[in-house]
Amino acid sequence: MATQGIGAAIRRKEDRRFLLGKGNYTDDVTLPGQSYAVFVRSMYAHATITKVDTTAAAAAPGVLAVLTGDDVAADKLGGIPCGWVIKNKDGSSMVEPPHPALAQGVVRHVGDPIAMVIAASKAAARAAAGLVEVDYEPRPAVARLAEATAPGAPLVWDEARGNVCFDWHLGDPAKTDAAFARAAHVVELELTNSRLAPNAIEPRAANGWYDAANDHYTLYTTSQNPHLIRLLMAAFTLHVPEHKLRVIAPDVGGGFGSKIFHYAEELLVAWASRRVGRPVKWTAERSESFVSDAHGRDHKSHAALALDAQGKFLGLRVRTLANMGAYLSTFGPAVPTYLSATLLSGPYDLPAIYAEVKAIFTHTVPVDAYRGAGRPEATYLLERLVDKAARQLGVDRVELRRKNLIRPDQFPYQTQVALQYDTGDYHTTLDLALKAIDHAGYEQRKAASAARGKLRGFGISTYIEGCGIAPSALVGALGARAGLYEAASVRVHPTGSVTVFTGTHSHGQGHETTFAQLVAEKLGVAVDNVEVVHGDTDRIPFGMGTYGSRSAAVGGSAIIKALDKIIDKGKKIAAHLLEASPGDVELVDGSYRVVGTDRAKAFGEIAFAAYVPHNYPIETVEPGLEESAFYDPKNFTFPGGTHTVEVEVDPETGVVEVIDVAIADDVGVIINPMIVDGQAHGGLAQGIGQALYEEVRYDADGQLTNGTYMDYCMPRAADLPSFKVGNHVTPCTHNPIGVKGVGEVGAIGVPPAVINAVLDALHPLGVTDISMPATPEKVWRAIQAAKAAGKGA
Amino acid sequence: MATITLIVNRQTHTIDCPPTTLLVEALREHLRLTGTHVGCDTSQCGACTVDVDGKSVKSCTMLAAEAEGAQITTIEGLARGGELHPMQAAFQEHHGLQCGFCTPGMIMSANDLCRRSPDPSEHEIRHWLEGNLCRCTGYHNIVKAVRAGAASLRGGK
């Protein structure tokens, strides 16, 4: 079954319904008696609510109910919980403020929900929402890290002095100090990792239905992890046991992290349905998404790298401020700490590291995981710093990296920041990327650009990421309130077709195809005879969902584990039918064979025998052929590689054009190369988006000033080139597929490569720093400032 | 309320709706043609693109009443007899879709491009699709798919 198994670029099974316009996204679901919810949200970043008058709204045509924070309190709905507790340096726990589903007298960011209007039509709900009268007493607000950490800054929470949520550290400060003390060179850099809006093109939506006859809730929601949502609603927010709550995440139009988290709207539509006796659907408008979906990044760091006289890295010291927003989102505190600081060794042999992270509350939308989640921040910091080191020491950027990359013979490699990398070959991916971008011919192209009045720049980033999230005991020790295993169930039907139930969720990743390929590989069943089911807590035993590039490494491994149980059971049945010992039977190309003979039974015959057990080892083997498995990973996985970029800058306008992007990744064993390349493409677009175009901007009063697609610059087709994507595989050593993960590599590796390329282009003009996004205005201003300062060649 | 007659995918429908009803609302909520999507509120994302009298139109920027009497084609109207339209087939063959949310708009827009420019260059495709946002594919495979779709449309396949 090599043509359909691991390594085959088969076309996707899920495509047909999407191409025909027959996808089934949350907003497409309209239930009998459907009603519609619209939220009234705060227009202030920080205010006391003195009055919410719902009288006029409640009397408007078609309105079924207007619910406020008082109703939430009266019905004792739980606050939105945080899923990860970080400990301070002194061992105490982080400040964990309440997060009510609807505001309780105070609003803490623009977009904080205050009231919920439910009506028979969306138009009626929208019209009535305009009639809800909210009296605010505005209070001073802080949105940006610099202002939130200034002395005397307004407080988001009285209990968080200085707006500090936690003050955490990792690594060995004494060892790092010693490394700096003996350094021949120290390179320092101040960096901002810009704030982003994830912007899945499908806005978030939720449709709740309470079936009074059966005392049962159903929630359709745009989620990457329906079981996690059910767990949090059962245990913390709705207080309804799991068997009375079905969560369905049907087709989901992209997530990128923003649909991991439990949001208030999910809870509220389910609760409101019980109150009004009809299903309640809410669908975000895009401008609403900007002020209610968790944002990503928003770090400020000071970084210092110590090197010896030969350019060998000796130590790294990092201080980071991380913006948490006004409330703690589900995984928010884990992002700058265990998903970022732990990756500060990058792909380098770095003998001493010390990182300090202060998380800061601000009057903004909560910040949480967005594609890459912490790892782009670590990579950006390291790769900007290494480039600066090369300039400061007067050595070649590529050679400085080559000198410091972990060598293949150093694996497994124990970093100074808690992780142990199992395998990798960073020198080979470096060489492959340089070849793919024809680095040897670069100077010629640079001269050609110059002849056209353009400044050409080359940028590189060698990166690593930690994914395949995550060993449960380890993350539990680090503060996670959940285990991060994955579950799978494989049902072989009597005629030999197969249904796979996975606890991961596919919202673009192609699991319905890749997981079918695992079945084809193991059982020899054609992918057309395999159905992969995901996204429904009533159909799938359990699951932790899809994020952190975990689906193949953890979810796929759970499927393999269940398939192995199927194969073993089938062996016993086949051995009986073939009158052989189970130890002498093997499954090859879809048939159980007695080793060394031509006696065989097709897999389908064994399945049939399992369900029609007339001639069957019934004393020792149960009928049926269905197995479940839970898989807890032994370690994170560590994809890595090299991303290279060439840009052209127009010195007159500051416009940066990305001319070429060539990358070489090691994502472990590749199940479907077509899908893997596609994942890299999408990540690259988001990474280039961060580097050049995208940024959520708050003004000093906490107003989000670019919350539409007219104002927030999303990368469009004409902004990007085609991408050259290459791979070099070193299999992961600790999961049964050898897969590492590919979902986030593009967004992690490429931003520093782009900025390094821009700075390379601008180097002759004397520009030494630029922050993301490198917009034409920013580049132009940097050029003018350098000119005014008399810098440049 | 207004009574509006819409010809969608070769079928005539009469709907009663407020006169302010957008074409996309008429398609999604009245005719239950949910293949046409809404991804923004500023006519930027293009997920709602449909074909009105041979031109691609963002159906969030047109009143249903304005489309009265016009020939409207949505993504659901492209395949014939269970067989994918060449542009749909090209998107599958070249992995031009991931989550599938922007895909209907992309395909409707790409078909309009191919009518105007039967053999579009990569540059032309990238600029034509300026009004359609995709967050998954980085556009790389969409561009390949549109080129391939154009080629099969030229070949009359």
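**Reading domains, chains and helices**

Modeller: Let's begin with chain B, whose domain assignment gives domain 1 (2-77) and domain 2 (86-154). Keep in mind that this is a predicted model.

Colleague: Okay, how far apart are the centres of domain 1 and domain 2 of chain B?

Modeller: Taken over C-alpha atoms, the centres of those two domains of chain B are separated by 21 Å. Their contact takes 16 residues from domain 1 of chain B and 13 residues from domain 2 of chain B.

Colleague: Which elements give two or more residues to domain 1's side of that contact in chain B?

Modeller: Look for β3 (49-52) and β4 (55-58) of chain B. β3(B) gives the most, with three residues. By class, that side of domain 1 of chain B has five nonpolar, nine polar and two charged residues.

Colleague: Now chain A. Which domains is chain A divided into?

Modeller: A domain can be pieced together from several stretches of a chain, as you'll see here: domain 1 (31-81 + 97-139 + 202-253 + 259-292), domain 2 (296-469 + 635-788) and domain 3 (485-631). The centres of domain 2 and domain 3 of chain A, over C-alpha atoms, are 40 Å apart. Their contact takes 20 residues from domain 2 of chain A and 15 residues from domain 3 of chain A. On the domain 2 side, you'd sort them into 11 nonpolar, seven polar and two charged residues.

Colleague: Last one: how do I read a helix pair? At what angle do α18(A) and α19(A) pack?

Modeller: Check the angle, then the distance. Helix α18 (residues 673-693) and helix α19 (residues 745-762) of chain A pack at about 40 degrees, with their axes 7 Å apart. α18(A) and α19(A) are therefore oblique to each other, and their crossing is right-handed.

Colleague: Which residues meet there?

Modeller: From α18(A) they include Ala680(A), Gly683(A), Gly687(A) and Ala691(A), and from α19(A) they include Gly746(A), Val750(A) and Val754(A). The residues of this contact divide into 11 nonpolar, eight polar and no charged.

Technical notes:
Residues numbered from 1 in each chain as written. Chains lettered and ligands numbered in written order. Predicted model: local features only at pLDDT ≥ 70, side-chain atom pairs only at ≥ 80, totals over all residues. Axes fitted to C-alpha atoms, helices over the stretch in contact; angles between N-to-C directions. Helix = DSSP H or I, 4+ residues; strand = E, 2+ residues; numbered from the N terminus. Parallel < 35°, antiparallel > 145°, perpendicular 65-115°, else oblique. Left-handed = near helix turned anticlockwise from the far one by under 90°. Contact = placed C-beta atoms within 7 Å. Nonpolar A, V, L, I, M, F, W, Y, C, P; charged D, E, K, R; others polar. Domains from an automatic or database assignment.
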